[in-house]
Amino acid sequence: MTTQITPWAEHEVRLFPSVHVSSEREAELRATASLLATMRAVSEFGRTIVKLAGGPAGRLCCFTEVPFQLGKGTGQAPEYLRPDGVLTVERGKTRWDALVEVKVGTANLEQDQVDRYHRLAKQERLQALITVSNQPAQANGSPPVNVDGRRSIPVVHFSWERLLSEAQVLSRKKEVSDSDQKWMLDEWIRYVEDPDSRIIVAPDLGSKWGDVLGAARTNALSPSSPELQDVARSWVGYLRKAALRLRAKLGVEVEVRMSRSEREDSELQARNVVNAKEGTLTGILRVPDAAGDITIKVILPSQSVQYILQVAAPTEGRQATRVNWLSRQLREDRLPTGELAVTADWTIRGLITTVGARDFLEDTNRLCLDKAGASVPRDANPRSFQVVWTRALSKSRGRSSAPVLKGISDGLEEFYHGVVQDIVPFVPKAPRLDTKKPEGEAASQYSVGAGPATGDVVPGHELIELTQQDPTAAESSFAQSDTPTLSPNADE
C-alpha cells in the first residue's frame, strides 16, 4: 500500500519494474514471467484464466522455457522446441497441462510456430495450447491463425487486453481476498499498462486507413477493395478491445453484438460492419441492464463519429406522458457537449421527428413537431427514441491511426457516463385487481377474513386487505436502475 505521508510516494518500489527493457525479446521474457508468476501467486486470477482455457480448478504450477523434442521416437532427428511457458493444474489424481506461447508489442503469432506447438501438445498428450498476443481472438476464442481441426487439442487465444480486463475486474470488484495477492495483482496491472513495458500497443486501423479516407471523400469506396476490408478487420478488432475496456471499468460483461454466423466467421463480420455506399463503419456494444445497445458509427466522408442509444418508448400513457418519460431521465449537467440530438419514431408510418437534446429539455413539445412544424396527431405515439451524439474524428498522427481510435474510446466513455447510465427502461404498471362486486351478485357468506356471525377471524386464515392503487399516481413507472455506472474518474 502506498503511503501518502512521505514525499517519496511516487518512488515506491515496483514488483515488476518496466525500466531498461532493451529489446522485444526481453519484453517478451519479462511479460511471460510476470504473467505466469501472477497467475501462480494470485489464486483468483490463475483460476479465472485456467477456467477460460478449459482447465479445472486445482493447484496451479507455472514453468518457463521448458525444453521439448518434437518428433522424438519417429526415426527422424527431433526438433528442439522451448515454448514460453507450461501450465500444470493438479486436482486429486488428475492433471491438466497446457503450453503457452506469448507475443508482445507489434509481434504477431506465426502460423508455423503455432502449428509446431500444436503438434507438440498432441505428442506430449497435453490438454491445451494457449496463445497470447495483442491480436484479438476470433469470435469463437481461437487465435487469429489457422488451427488444424484434425487435432483434438484445443487452442485458446487471449489478447493482452483480455488478460488485463480480467485482472481489472477482479481488482475493482474486490474479489481477491488476500491483501498481498491483491497488491501483486495491482502491480501486474500497472506493469502491463505501462508503455515502457512494451507489452500492449495502442489499437489502430491499419496502414490503409489514409487510403480509405481519401476514397471516401471522393465517393470511390468499393466494398470489395482490399484496403477497405483491411480497415474493416482492424475495426472489428478495435470493437472487441473497446468492449473489454468498458467491461473492466463497469465490472460487467460487455459484448460486441453479432449474429451466430458472424461468431463462426470473422470475415463475415468484417464485411458486415462496412457500408461502402454510405461510407460507414459500424459496431454495436451490449451492456447488461442498460436501456438499449450502444451503436458506434464512423462516417468516413465527413470524418465524424456517432454514438447512438436506442430505447423503447413507454407502452402506456398519453402522448405527452410518453415523451416526458425520456426528458425526465436526461440530466442536462451531464450531457456531452456538442451536437446531441433526440429522435422519435412514431406509430404513423414513416414519421420521424428530431430535435436538439437541450432544446428538447427546454420544451418537450418540440419533439412532437414534424419537419413542416405541424404537430404530430394526438392519437400517434412514439415507438422508440434515439439519443445521438455526433463529434469529429480525432486526427491521425503521421501514418498512425491510434489517435483516431483513442478519441472514439474517450467519446464512448463520455457518452455512456452522460447519457446511457441515467436512462432506465420503461416498466408497465402491474395489472389492477378489481375489488368491486358486480351488481346483482349475492353477498358472500362471510366477509373477507371474518367469521359467520361474531366477526371473529376464521381460524387458520389471515386478514387480507385489498387496496386500490392511488388513482392520482403517475401514468408511467420506473424500475429501479440496475444499469452499471461509469465514474468519470474510474481509473483513479
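Biologist: Is Trp 188 buried or exposed?

Modeller: Keep in mind that this is a predicted model. The relative accessible area of Trp 188 is 0%. The cut-off for buried is under 20%. Trp 188 is therefore buried.

Biologist: Which aromatic residue pairs with Trp 188, and is the pair tilted or stacked?

Modeller: The structure holds seven aromatic pairs. In one of them, Trp 188 has Phe 45 as its partner. The ring centres are 5.3 Å apart and the planes stand at 45°. Stacked would need under 30 degrees and edge-to-face over 60, so the pair of Trp 188 with Phe 45 is tilted.

Biologist: How many residues apart in sequence are the parts that this pair ties together?

Modeller: Phe 45 counts as buried, at 0% relative accessibility. Phe 45 belongs to helix H2 (residues 43-52), while Trp 188 sits in helix H5. The pair thus ties together parts whose separation in sequence is 143 residues.

Biologist: What angle do helices H4 and H5 make where they pack?

Modeller: H4 covers residues 160-172 and H5 covers residues 179-193. Their axes lie 10 Å apart. The crossing is left-handed. The packing angle is about 145°.

Biologist: How many residues of the contact of H4 with H5 are nonpolar?

Modeller: H4 contributes residues including Trp 160, Leu 163 and Leu 164. From H5 come, among them, Leu 185, Trp 188 and Ile 189. Two residues of the contact are polar and three are charged. The nonpolar ones number nine.

Biologist: Where does Lys 103 lie, and is Lys 103 buried or exposed?

Modeller: Lys 103 is in the loop between strand E5 (94-102) and helix H3 (111-123). Beyond four places in sequence, its contacts include Glu 28, Glu 110, Ser 133 and Trp 160.

Biologist: Which strands are the edges of the open sheet of five strands?

Modeller: The strand order is E1-E4-E5-E6-E7, with mixed pairing. Neighbouring strands are turned by 20° against each other on average, direction ignored. An edge strand pairs on one side only. That applies to E1 (59-64) and E7 (155-159).

Biologist: In this sheet, which residue of E5 is the bridge partner of Val 86?

Modeller: Five of the seven residues of strand E4 (residues 85-91) are buried. E4 pairs with E1 in the antiparallel sense over six bridges, and there Phe 63 stands opposite Val 86. E4 also pairs with E5, again antiparallel, over seven bridges. In E5, the partner of Val 86 is Leu 99.

Biologist: Do E6 and E7 run parallel or antiparallel?

Modeller: Strand E6 spans residues 128-133. Ser 133 stands opposite Ser 159 in E7. Five bridges join E6 to E7, and the two strands run parallel.

Biologist: What is the phi of Arg 125?

Modeller: Most residues other than glycine have a negative phi. Arg 125 is not a glycine, yet its phi is positive. It lies in the loop between H3 and E6 and counts as exposed, at 72% relative accessibility. The phi of Arg 125 is about 60°.

Biologist: And what is the phi of Gln 303?

Modeller: Gln 303 is in the loop between strand E11 (294-299) and E12. At 22% relative accessibility, Gln 303 counts as partly exposed. Its phi is also positive, although Gln 303 is not a glycine. The value is about 50°.

Biologist: How many of the nine residues of helix H10 are buried?

Modeller: H10 runs over residues 319-327 and is mostly covered. Its buried residues pack against strands E12, E13 and E15 and helix H11. Trp 325 and Leu 326 are among them.

Key. Residues are numbered from 1 along each chain as its sequence is written. This is a predicted model: local features need pLDDT of at least 70, side-chain atom pairs count only at pLDDT 80 or more; totals for chains, interfaces and linings use all residues. Side-chain values use heavy atoms; hydrogens and water are left out. Buried means under 20% relative accessible area, exposed over 50%, partly exposed in between (1.4 Å probe, protein chains only). Helices (H or I, at least four residues) and strands (E, at least two) are DSSP runs, numbered from the N terminus. Contact means heavy atoms within 4.5 Å. Axes are lines fitted to C-alpha atoms, for helices over the stretch in contact, and angles run from 0 to 180 degrees between N-to-C directions. A crossing is left-handed if the near helix is turned anticlockwise from the far one by less than a right angle, and right-handed if clockwise. Ala, Val, Leu, Ile, Met, Phe, Trp, Tyr, Cys and Pro count as nonpolar, Asp, Glu, Lys and Arg as charged, and the others, Gly among them, as polar. Rings of Phe, Tyr and Trp (its six-membered ring) pair if their centres lie within 6.5 Å; planes under 30 degrees apart count as stacked, over 60 as edge-to-face and the rest as tilted. Two strands pair if DSSP finds at least two bridges between them.
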